[in-house]
Amino acid sequence: MRMFSMKLLPGLLGAALVALSAQASAVNLLQAYDLALQHDPAFRAAQFTNEAGKENRILGRAGLLPSVSASHGANKVDNLTESAGRTLRDERYISRSTTVQVRQPLFAMDALARYRQGVAQTSYAAAQFESQEQTVILRVAEAYFDALFQADQVALARAERDVFAEQRSVNNRLFEKGEGTKTDMLETQSRLDLAEAALIEAQNTLGSALDTLAGIVGGQVDTLTQLQPGFRVEQKDVLGYDRWKETALARNPDIQALQFNVQISTEEIKRQRAGHYPRLDAVATYNRGISDTTNTVNQDIKTQSIGFQLNIPIYSGGAITASTRQAAANKGRALAELETQISRTLVELRRQYTLTESSVPRIDALIKAVDSAKLLVTATEQSIKGGVRINLDLLNAQRQLSIAQRDLAQARYGYMLASLRLKAAAGTLGRDDVRLLAAYFQ
């Protein structure tokens with residue numbers, strides 16, 4: 001799956017910028033991603049790196065194309081010639097010299113290797129940029145889901161605080177009637193204080209999560225869209241591991257980048273070894289000299305020549321051989337780095353694939369847990385009306401529901417992140433995947 005063209009970015013950002021500028025509107029996942037493409041400093045740095053990498057192909061090609069040079073000089077000459085105390089010549093004149101030379105390589109193994117190396121370097125930069133395009137998706141999703149989860153944590157901390165607040169009220173009433181103890185009151189108060197501290201900590205963590213997301217999208221985010229309650233993972237969405245593995249080996253940008261790095265190292269060996277080979281150039285020269293020497297005063301001499309120039313290296317102190325060995329060692333390192341990256345990618349692919357598979361039954365089980373917790377809340381409400389239960393029982397039931405809903409949301413966020421990371425490891429992660437996930441939020 002190829003990433004969308006950066007030329008489309010301004011159009012894609014229009015709606016997102018409007019949404020972010022309005023404090024009352026919620027920012028969805030797709031809008032956050034589009035904003036990150038414009039504002040995220042790490043991604044902007046990757047864009048400039050890619051632009052710089054594109055020039056390597058042109059720089060390499062330059063060595064195969066003609067080079068043209070020109071020079072012009074003008075000198076004021078004061079020529080005094082004396083012999084046996086007698087002045088033979090005393091001349092003052094302006095000497096001018098103009099030279100234009102065109103040189104075309106005909107046989108230059110180092111230039112050919114440099115061109116192939118430049119092409120590989122451009123491809124290497126493009127693969128690294130594609131990896132960064134996928135990385136920014138993961139960074140946005142991780143920050144977005146973390147902010148949502150921290151909001152769930154705040155809700156749970158508030159529910160626990162309310163339980164202990166109600167428990168304190170119950171203890172106070174019992175103590176006033178002589179049915180409770182001071183110890184129960186102090187114990188409940190201690191738990192309430194801890195719950196208040198936990199709520200404050202959860203709120204601070206939520207603020208930090210929102211600040212992290214704001215740093216990526218380039219602006220303060222007040223509200224986020226929420227995951228639809230009916231989101232459910234379908235087993236058919238999980239593909240076979242062998243298929244993912246084949247795709248990863250063929251398309252993972254980090255693997256591709258290191259494959260190009262091996263190619264760069266190979267061409268570097270050829271370029272260094274070319275120092276032993278002769279170089280043949282076609283050279284055309286135009287020269288015009290006016291009073292160029294003392295023997296050509298007041299003469300305008302024009303010279304045109306075309307021919308070949310052969311340069312044969314004989315000895316360079318062993319530098320060429322040493323540079324070739326050094327380049328060969330660097331290629332060995334590049335091959336080892338490629339093998340390491342392949343191994344790391346397949347491990348990550350297997351881990352994320354396993355997470356996506358295991359998320360299916362886990363989410364189904366948590367959905368049942370939420371349904372059961374809702375039934376408990378309803379039953380407790382009915383029992384309160386019948387005088388069997390008290391408000392504290394209802395708060396406990398609601399707290400259990402909050403825990404089940406938080407765990408379910410966390411499992412869903414984990415599945416979404418695992419699916420994105422799985423596609424990133426396979427090299428297929430793109431904007432369409434973000435758009436599909438954003439559709440599950442409202």
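In which helix is the place of Glu133? Glu133 has its place in helix H4, and the views below start from there. The model is predicted: local features need pLDDT of at least 70, side-chain atom pairs count only at pLDDT 80 or more, and totals for chains, interfaces and linings use all residues. Residues are numbered from 1 along each chain as its sequence is written, and side-chain values use heavy atoms, with hydrogens and water left out.

View 1. Helices (H or I, at least four residues) and strands (E, at least two) are DSSP runs, numbered from the N terminus. Glu133 counts as buried, at 9% relative accessibility. Buried means under 20% relative accessible area, exposed over 50%, and partly exposed in between, with a 1.4 Å probe and protein chains only. Asp40 is 93 residues from Glu133 along the chain, and the C-alpha atoms of the two are separated by 11 Å.

**View 2. The largest nonpolar core.** A nonpolar core is a set of buried Ala, Val, Leu, Ile, Met, Phe, Trp, Tyr and Cys residues joined through side-chain atoms within 4.5 Å. The largest one has 62 residues, and of these Tyr144 and Phe145 touch the most other members. At least two residues of this core come from each of helix H2 (29-39), helix H3 (41-62), helix H4 (109-176), helix H5 (182-217), helix H8 (319-385), helix H9 (391-426) and H10. H4 gives the largest share, 14 residues. Not counting residues up to four places away in sequence, Phe145 touches Leu29, Tyr413, Met416, Leu417 and Phe441, where contact means heavy atoms within 4.5 Å. Another core, of 9 residues, lies apart from the largest one; among its members are Trp244, Tyr353, Leu422 and Ala425. In soluble globular proteins, nonpolar side chains tend to be buried together.

**View 3. The buried side of helix H10.** Helix H10 covers residues 431-438, and its buried residues are Arg431, Asp433, Val434, Leu437 and Ala438. They lie on the same side of H10 because they cover an arc of only 160 degrees around the axis. This arc is that of the directions from the helix axis to the C-beta atoms.

**View 4. Helix H2 against helix H3.** The axes of H2 and H3 are 6 Å apart, and the two helices pack at an angle of about 55 degrees. Axes are lines fitted to C-alpha atoms, for helices over the stretch in contact, and angles run from 0 to 180 degrees between N-to-C directions. H2 and H3 are therefore oblique to each other. Angles under 35 degrees count as roughly parallel, over 145 as roughly antiparallel, 65 to 115 as roughly perpendicular and the rest as oblique. On the H2 side the contact is made by Ala36, Leu37, Gln38 and His39, and on the H3 side by Pro41, Phe43, Arg44 and Gln47. The residues of this contact comprise 4 nonpolar, 3 polar and 1 charged. Here Ala, Val, Leu, Ile, Met, Phe, Trp, Tyr, Cys and Pro count as nonpolar, Asp, Glu, Lys and Arg as charged, and the others, Gly among them, as polar.

**View 5. Helix H6 against helix H7.** Helix H6 (residues 241-251) and helix H7 (residues 253-273) pack with axes 6 Å apart, at an angle of about 40 degrees. That makes H6 oblique to H7. Ala248, Leu249, Ala250 and Arg251 of H6 make the contact with Pro253, Ile255 and Gln256 of H7. By class, the contact residues are 5 nonpolar, 1 polar and 1 charged.

**View 6. Helix H6 against helix H9.** H6 and H9 cross at roughly 50 degrees, and their axes come within 7 Å. H6 and H9 are therefore oblique to each other. From H6, Trp244, Thr247, Ala248 and Arg251 meet Leu422, Lys423, Ala425 and Ala426 in H9. The residues of this contact divide into 5 nonpolar, 1 polar and 2 charged.

**View 7. The surroundings of Pro253.** Pro253 has its place in helix H7 and counts as buried at 1% relative accessibility. Leaving aside neighbours within four places in sequence, Pro253 is in contact with Ala127, Glu130, Ser131, Gln134 and Gly427. Tyr124 is 129 residues from Pro253 in sequence and 9.1 Å away in space, C-alpha to C-alpha.

View 8. Lys54 lies in helix H3 and is partly exposed, with a relative accessible area of 39%. Lys182 is found in helix H5 and is partly exposed, with a relative accessible area of 48%. Lys182 and Ala336, 154 residues apart in sequence, are 70 Å apart in space, C-alpha to C-alpha.
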